[in-house]
Amino acid sequence: MIADPQQHYAPLMDVLPGFEMVPAKITIPIRERSEATPGKRPYIFAKKMAKVGQMFLSGQFPYLLLSGPTGTGKSEFVEQLAAHCGWSYEMVPCAKTTEIAALMWQMGIEADGSTSYIDGPIVRAMKRGSILVLEEFNALNPSELTYLNTILDSRGTPEPHTGTTVVPHPDFRLAATCNDVAQETGVFKGTQTQNPAFLRRFSLKVRMDYLSEAQELQVIAARAPGIQKQPLRVMRQLAVACRKMADDGRIGFTCSPAELVAWARLLVFNAGADENLQLAYMATLLQVAALDALPQGEAVDVHNALDGVLRTVLSKGIAELEKEHGQLW
Ligand SMILES: Nc1ncnc2c1ncn2[C@@H]1O[C@H](COP(=O)(O)OP(=O)(O)O)[C@@H](O)[C@H]1O
Ligand SMILES: [Mg+2]
């Protein structure tokens, strides 16, 4: 324990870079970086998420559930919260076959060939006082969630091979993430019927949504330096159109920030900082950034939507742009 709590708190708005500012007097606990602290990347903490991060790290609300459409920054929020505040971090991807017991203790092999138990990610995080993330926890088998509940509730978990009790460090935090595509098929709904007991344990349940226009543009510009204004406008408008179609159930493609960043980086790689070339290559590079992985009909819908957006922004469609500047391949 540190004697001077001042040393371990810093103004929230100085620690978590955000587009909107939270009141200057709110502070957030910071820790000394360790090898288990992730590296910092440009991440925009929306005002609400900066506050959620502060409540979560405070220790009073140590279990956080994050849901929302894919690509809205759930996983990176937790990772970058740890990165910016210096906390150690463990990430566990969940699958149908994932067993909580195997994430608690694992069998290790010594140099002489004998076996012994070693701490798995959950116990490591509990002992060290790390932020533990269960990615896509809703994939877990319900009986595994039940087992996890007992661990979360207990004041200490007996270690089967030593007989000692693992008591969670005061800095232990648990975040669980899950994806949903549309509100109606929302995972909250699905998991509630599956395991209400698990959800009840989370004092913070936050649905993350897409960033605002200004924030999303800022993210793309930060991650794809060299991307120009007009292509950015086109990208954002296409993203809005795709998310609308996805909400209406017409397509599954949501044009996530991750896909926009990939597309922008491909544009800069191939066109440099030349705005007209970037515009001319948009259709071709959207193809390899996203559309080639979609069902044919869906890819055609998105391609046509891009043509429409280009026409409203530039009064030129894909064909005219490619005629003016040449095709990439
Ligand atoms: N607030 C944000 N600041 C910076 N990048 C973001 C933000 N939100 C989303 N992104 C981008 O979206 C990508 C996907 O984020 P991720 O956390 O994997 O989404 P999720 O877990 O919700 O599916 C990130 O790699 C990043 O490029
Ligand atoms: Mg994720």
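A residue counts as buried if 20 or more other C-beta atoms lie within 10 Å of its own, and as exposed if 12 or fewer do. The exercises below concern a predicted model.

**Exercise 1.** Determine which residues of helix α13 are buried, and what covers them.

*Solution.* 
Step 1. Helix α13 spans residues 282-289. Its buried members are Met-282, Ala-283, Leu-285, Leu-286, Gln-287 and Ala-289.
Step 2. Since six of the eight residues of α13 are therefore buried, the helix is largely enclosed by the rest of the structure.
Step 3. The cover over these buried residues includes α10 (229-247), α11, α12 (275-280), α14 (296-314) and α15 (318-325).
Step 4. For the chain as a whole, buried residues make up 34% of the 329 residues.

**Exercise 2.** Decide whether Glu-110 is buried or exposed, and state where Glu-110 is placed in the chain.

*Solution.* 
Step 1. Glu-110 belongs to the loop that links β5 (105-109) and β6 (115-119).
Step 2. Within 10 Å of Glu-110 there are 8 other C-beta atoms. The cut-off for an exposed residue is 12 or fewer, so Glu-110 is exposed.
Step 3. Between the C-alpha atoms of Glu-110 and Lys-244 the distance is 55 Å, and the two residues are 134 apart in sequence.
Step 4. For scale, the C-alpha atoms of the chain fill a box of roughly 75 × 45 × 45 Å along the principal axes.

**Exercise 3.** Describe the division of the chain into domains and the contact between them.

*Solution.* 
Step 1. The domain assignment gives domain 1 (5-207) and domain 2 (213-325).
Step 2. Their C-alpha centres lie 34 Å apart.
Step 3. Ten residues of domain 1 and 15 residues of domain 2 take part in the contact.
Step 4. On the domain 1 side, the touching residues comprise seven nonpolar, three polar and no charged residues.
Step 5. Within the chain, among contacts between residues at least 6 apart in sequence, 71% join residues at least 24 apart.

**Exercise 4.** Characterise the shell around ligand 1 by its residues, elements, classes and domains.

*Solution.* 
Step 1. Ligand 1 is surrounded by 17 residues, of which Gly-73, Lys-74, Ser-75, Glu-76 and Ala-258 are the closest.
Step 2. Two or more residues of the shell come from each of α3 (74-85), β10 (173-179), α9 (213-223) and α11 (257-271).
Step 3. Sorted by class, the shell has seven nonpolar, seven polar and three charged residues.
Step 4. Domain 1 and domain 2 each supply at least three residues to the shell.

Note on methods: Residues numbered from 1 in each chain as written. Chains lettered and ligands numbered in written order. Predicted model: local features only at pLDDT ≥ 70, side-chain atom pairs only at ≥ 80, totals over all residues. Near = placed C-beta within 6 Å. Helix = DSSP H or I, 4+ residues; strand = E, 2+ residues; numbered from the N terminus. Nonpolar A, V, L, I, M, F, W, Y, C, P; charged D, E, K, R; others polar. Domains from an automatic or database assignment. Contact = placed C-beta atoms within 7 Å.
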